[in-house]
Amino acid sequence: MSLFKKKKAAKEPIPAGFTTDDIKIESSICTGETTIGFYDESERRLIYAELVTCDDDITAYYEKYGAKRP
């Protein structure tokens, strides 16, 4: 029995107006930073974007929204 238990992250619902097909990965030409998020075509930018440092971050982003990684 452990006194300290790690809580599992609750899955967030996919934002309104988006599907799992809208998840895109973008890389900066200047700095090389990679971000993942939901691509909004009307604004031409990523919404709910997060910084990606390794392949596990991409998998975690898909799991966060309960989506299956392609």
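Q: Which side chain does R45 join in a polar contact?
A: The side chain of R45 is joined to that of E43 by a polar contact of 2.7 Å, where a polar contact is a pair of N or O atoms within 3.5 Å, one able to donate a hydrogen and the other to accept it within protein, and residues adjacent in sequence count only if both atoms are side-chain atoms. This is a predicted model, in which local features need pLDDT of at least 70 and side-chain atom pairs count only at pLDDT 80 or more, while totals for chains, interfaces and linings use all residues. Residues are numbered from 1 along each chain as its sequence is written, and side-chain values use heavy atoms, with hydrogens and water left out.

Q: OK, and where is R45 found, and what does R45 touch?
A: R45 lies in strand 3, residues 45-52; helices (H or I, at least four residues) and strands (E, at least two) are DSSP runs numbered from the N terminus. Leaving aside residues up to four places away in sequence, R45 touches F38, Y39 and D40, with contact meaning heavy atoms within 4.5 Å.

Q: Why is R45 classed as partly exposed?
A: R45 is put in that class because its relative accessible area is 45%, and the scheme calls a residue buried under 20%, exposed over 50% and partly exposed in between, using a 1.4 Å probe and protein chains only.

Q: What about R44, what's its phi?
A: Phi of R44 is near 55°, a positive value in a residue other than glycine. R44 is found in the loop between strand 2 and strand 3, and R44 is exposed, with a relative accessible area of 68%.

Q: Is strand 2 enclosed or open, then?
A: Strand 2 is largely enclosed by the rest of the structure, because five of its seven residues are buried.

Q: What's T34 doing there, buried or exposed?
A: T34, in strand 2, counts as buried at 19% relative accessibility. A polar contact of 3.3 Å joins its side chain to that of S27.

Q: Last topic: which residues make up the largest nonpolar core?
A: The largest nonpolar core has eleven residues in all: F18, I23, I36, F38, I47, V52, I58, Y61, Y62, Y65 and A67. Such a core is a set of buried Ala, Val, Leu, Ile, Met, Phe, Trp, Tyr and Cys residues joined through side-chain atoms within 4.5 Å. Strand 2 (34-40), strand 3 and helix 1 (55-64) each supply at least two residues of this core, and the largest share, three residues, comes from helix 1.
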